[in-house]
Structure formats: C-alpha cells, structure tokens
Amino acid sequence: MMILNLVLALAVLQWTAAASYGTSFRKSCLGFNATSFLTNSTLRLHEYVPANTTIPLNGMDSTCSRADQLFSVEACRIALTVPTTNRSSVIVEVFLPRNDAWTGRYLATGNGGIDGCIKYEDIAYGLSHGFATTGSNNGHNGTGGKDFFNNEDIVIDFSWRALHTAANTGKTLTKAFYKMDLGKSYYMGCSGGGRQGIQAADLVPQDYDGILVGCPALNFNYMSAWRASFYAITGAANSSDFVAPETWQGLIHNEVLAQCDALDGVQDGILTDPSLCLGIFRPEALLCTESNTADCLTAVQVDMVRRVFSPLYGVDGKMIYPPLSPGAETLATQRLLSGTPFSYSVDWFRYAVYSDPSWDPAAFTIADAAAAETKNPGNSVTWPSSLSNFRDAGGKMLIFHGGADQQITHLDTERWYNYLSVGMASRPSDLDTWMRFFFVPGMNHCSGGAGAWQIGQSGAAAAGIGYTPKFNVLAALVEWVEGGTAPGELMGTKFANDTVAQGVQYQRVHCRYPTKSVYLGGDAGAVESWGCK
Ligand SMILES: *[C@@H]1O[C@H](CO)[C@@H](O)[C@H](O)[C@H]1NC(C)=O
Ligand SMILES: *[C@@H]1O[C@H](CO)[C@@H](O)[C@H](O)[C@H]1NC(C)=O
Ligand SMILES: *[C@@H]1O[C@H](CO)[C@@H](O)[C@H](O)[C@H]1NC(C)=O
Ligand SMILES: *[C@@H]1O[C@H](CO)[C@@H](O)[C@H](O)[C@H]1NC(C)=O
Ligand SMILES: *[C@@H]1O[C@H](CO)[C@@H](O)[C@H](O)[C@H]1NC(C)=O
Ligand SMILES: *[C@@H]1O[C@H](CO)[C@@H](O)[C@H](O)[C@H]1NC(C)=O
Ligand SMILES: *[C@@H]1O[C@H](CO)[C@@H](O)[C@H](O)[C@H]1NC(C)=O
Ligand SMILES: [Ca+2]
C-alpha cells in the first residue's frame, strides 16, 4: 500500500512537472528576444507551436507549392531576415524543441534545385528527434533564379553563404535560448541540398560535425549544362520525331528491363548495377523495319535514345558529365525528356552565367557548358579535390545516391568519390574513416522508386522505419559522430505501395561504395538473399 502510494505520488509529481514545463516553455519561448543576440537581423515571426500543429505554408512563395506541414512535437519558432551584404539577405527559420526534449544537437536542413524553398518536412523530422533545427530560403524565394540577375551576392548566398549564415544564426540562438553549450552539429540535404552539404565541408569545414548528403548536384555548372543538353537531344514536344512520355515509360523502359533487369540475377524491375546496362543496352532492338512497323522507333529516335544514355562531352572532347542511368527514363519524362527546357538550367544560364534574360535554351551548345564552367558563378562548382580540413576537424560525411535518379546521375557521385580518393591520396579504406557513400539501387531522385528507398534520409522518407542506425541514416550519422561506430551497411525498407499501413514489402541491404549489392540466391524478397561484394 505504501509502495503504491509512493508510485502514485511520484506519478503526480512527474505529471505536474511536465505540465508546468509546458507552460513555462511557452513563456520562455515568447519571452526570448532573438534580435538582442543577432543585432543585425530583423524578426519576421515568433510563435509558440503546440504539439501536433499544422503550419500553413501559404505564406511561402507559391512556386514552392509545398503542402502544409504537421509538427508533432511542440516548438519555439523564430524566423528572421539576416543580411549577408547590403544587397542580399537570408530568411532563417529556427525551431527549438522543449528544453527537456532537446538533445543538445543542432541540425541544419538544405534546399533543392536552384530554389529557395524551405523544407519544413525536414525541419519537423529533425525537431521530432530532439534537434534544434533550422531551414533557410538560401538567399532568395521560390524555384526560379531571377533574383540572381545582376546580383552576385545572391548567387554567392545560393552557392554556400546562406547556409553558413543559417548555421551561425541557428547556433547563436540555440545557445542563447537554452543558456547551454551546443553539443554536435549536423546538416542534412538532398539534390541541391546535397551540393550545399559538400560546399559546407569544403568552404566552412567547422560548421558541422556530421553531414548527410543525398544525390548531390555536384559539378554544378556542368550538371546544369547536362540538363540543358536534353532539350537539344529530344527536340520540342511538338517536333516530328519527339519520343512521347508513354513511349519512354512503356516501349523503351520495357526494352531496358528486357535487356538488363536480369543482369543482377533477379527479374524485379530494379537494375542493381545500372552501369552494367549502360555497357550493353542496344536501342536498335526497337528499330522499325519493314516487317516491324508497330511499337518501334524511327532511326532518328533510336539515335536519340542512344544519346540520352551517353555522356556529355566538352569543347575539348573530354567527358564533362556522365550519362543518365537506364531505368531512370520513366520519371525522366517529367523534366529531362519532357521536350521542354529544364527550368533550373534556363534560369541558371540566363541570370547567373550570362546576365542575359533573353538567352535562348533552344540554342544551347557545348560552348555554353564551357562558359558556365569558366564563370563558375558564386563559386558554385562544387567539385573539391580534397576535404582534408573537414576530415581533420573530425567531421563525418554520409552520402547516398539512388540508381534510378531521374534528375542527377549517381555516376557523377561515383566519379567525384574517385576524384576525391586520388586528390586526397586515400584508398576507400582511408576515406571510410570519415566519409562513406551508399548506393541505393532502384531509388529515384532523393526518394521513391521500386528499390528499398526508405532510409530515413528526409522527413518524407522516415515514416514507419524507426530511428535506429541500421535503418535510419540520420541516426547512423549521429551514432558515427558521437558513438564512434560507422555504418558498414544500411538497411533500406520498401513499404507496399509506399504506404506504411500496407506493411513492409521487402527490405534490402545497401552497400558501401565501392562494394556493390549482389544477389546470393534464394527468395529475392528476403534480406539474407543479398550481400555486399
Ligand atoms: C529586443 O532586443 C532589442 C535589442 O537589444 C531591443 O531593441 C528590443 O526592444 C527588444 N525587444 C523586446 C520585445 O524587448
Ligand atoms: C500528437 O498526435 C499523435 C498522433 O495522433 C499522438 O500520438 C500524440 O500523443 C499527440 N501529441 C500530443 C502532445 O498531443
Ligand atoms: C549578420 O549576422 C549573422 C549572424 O551572426 C552573420 O552571419 C552575418 O554575416 C551578419 N551580416 C552582416 C552583413 O554582417
Ligand atoms: C554596398 O557595399 C558595397 C561593398 O561593400 C559598396 O561598394 C556599396 O557602395 C554599398 N552600397 C550601398 C547602397 O550602401
Ligand atoms: C522573400 O519573401 C519575403 C516574404 O515572404 C520577403 O519579405 C523577402 O523580401 C523576399 N526575399 C527576396 C530576396 O525577394
Ligand atoms: C512547337 O511549340 C512551340 C512552343 O512551345 C511553338 O513556338 C512552335 O511553333 C511549335 N511548332 C510546331 C511545329 O507546332
Ligand atoms: C497506392 O497509393 C496511392 C496513393 O496513396 C492510392 O491512390 C492507391 O489507391 C494505392 N493503391 C493500392 C493498390 O493500394
Ligand atoms: Ca533486377
């Protein structure tokens, strides 16, 4: 009886403590004067966010077209405009978890494309795991690049400085709010956000202890040229030999699978190693002939398909960007193969490279690639030959890239890994001590696909897989930085119809480059049927 009473009393005490914490957290949030710690900045918004609040994002630039975001844990939200020069500034959103939920960690989130869209889903994800988390507009609003026009400072912000400014801001406010020193700092971003992570490691190596890089837009100027080059290959959507999206998704994709799916030993719609397919794929198999006139391609179209799966060569004839991976054609119809110019590339060339809004994407030639590379607006190139400062500061980097990426080929990430290996005189086992690259077969750009693509790489990819290092790459990064144990392999999860409620369809190991995932035999849906070699 006495023990029961004690337990009850304790429970009541705990309940009271939690309840009063809630009230006092709201109070300390609203009483916190952010601009007294950042005297050069302007407050945009300051609010207490109760648990399970859906934040309407209609205040964001409409081109970002993001859904409203649910925040499952309570937070103190502070948004500021922070100047970077007298003609440029960054909007920084800081979300601070309740004192007893804060792990001492800081997390910065990145953007995508050339955009200035804040990924609130990633902020909510970091916050729910106890990180003080920030996002920024990367120096400009929306998905377009008009703001770059005649303003190199906004280009520099986009290239690297906005993220650095957000980190300064986020760290300063986090320390001031909790009145405590920061623990470890992290960064997470995919695509353009992956590029930002590598820029940070290169240019401001002290900013983060751990960096999670997804499908990075490395080699940025040549990548922009590569994307621009597709319109010249495919022609406009109304041109006579244009290959319709349905043809890429049906006839051509099926031929890719017919020639390449079984190369890995399993006919499952996934090319475990798409580079094997690049070596052998023959679109000529689809050529229309006298006896075959239906479901076929003209000679011009066959050549087009070949060029889509070929590298881009520069003015001197050297490869400047590797090819799109076979298997990625299905979703590449959304942009690269759509018969319209790739909007990010158009704006990059018009406003950052040439300062000429009349530049015509239909007139793209390889000379434009050279011009972009030479100008290297805002030092956006992102192709470091060494990250020794980041390594020597104790930094850890995890990189992942999908094998069916329809916007940035994983082969460019492989190429950079090998370039870095040579540049730093490091074998894979040396790189492994601070940087690891995981290839994810069958994953589309940053998320989605037939592969076991959920590895906790973003707010959109975290549902249902938990938060343990084996299944969750963010948890793995934290464990590596703070516990000293690096992930040897990652376990990816594919939910049926990508719906958690429909249950796990299968899980599969993802291997650390340069090892590759191989089928060992047995039930292809079983985890133990695959290994790394
Ligand atoms: C916050 O601090 C700034 C600078 O110290 C001061 O100008 C401002 O009045 C303060 N705001 C509030 C609401 O106290
Ligand atoms: C938020 O919603 C989830 C799911 O409905 C629930 O489990 C959780 O208890 C809620 N949190 C609070 C603090 O109400
Ligand atoms: C304003 O303050 C932030 C945060 O300390 C800093 O990163 C930034 O460089 C400052 N801006 C200017 C123009 O000095
Ligand atoms: C902005 O700063 C630049 C470089 O510091 C300076 O040359 C320019 O005069 C300043 N412009 C204004 C409007 O203050
Ligand atoms: C971005 O949008 C905000 C309004 O949400 C505005 O205050 C700010 O000036 C814009 N930034 C730029 C660079 O246009
Ligand atoms: C194709 O579409 C473009 C605009 O997208 C138009 O300018 C052009 O005239 C069209 N060509 C044909 C042959 O219809
Ligand atoms: C799969 O999910 C989509 C989107 O949530 C839904 O529209 C579709 O009906 C689902 N299909 C099956 C077979 O459950
Ligand atoms: Ca296969």
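1. Let me begin with a charge over a ring: R195 has its charged end over the ring of F158, 4.7 Å from the centre of that ring. Please keep in mind that this is a predicted model.

2. A second case worth a look is R335, which lies over the face of F342 at 4.5 Å from the ring centre.

3. F148 belongs to the loop between β7 (131-136) and α3 (152-178), while W348 sits in helix α10 (residues 343-353), so the pair ties together parts that are 200 residues apart in sequence.

4. Are these two partners buried or exposed? F148 is buried, its relative accessible area being 1%, and W348 is also buried, at 0% relative accessibility.

5. W248 and F309 make another edge-to-face pair, with 6.4 Å from centre to centre and 85 degrees between the planes. Here W248 is part of helix α6 (residues 245-260) and F309 is in the loop between α8 (299-308) and β10 (312-313), so parts 61 residues apart in sequence are tied together. Both W248 and F309 are buried.

6. Finally, do look at the cluster that ring pairs build from F25, F32, F37, Y48, W102, F177 and Y178.

Methods:
Residues numbered from 1 in each chain as written. Chains lettered and ligands numbered in written order. Predicted model: local features only at pLDDT ≥ 70, side-chain atom pairs only at ≥ 80, totals over all residues. Heavy atoms only, no water. Helix = DSSP H or I, 4+ residues; strand = E, 2+ residues; numbered from the N terminus. Buried < 20%, exposed > 50% of the residue type's maximum accessible area, 1.4 Å probe, protein only. Phe/Tyr/Trp six-rings, centres within 6.5 Å; stacked < 30°, edge-to-face > 60°. Lys NZ or Arg CZ within 6 Å of the ring centre and 35° of its normal.
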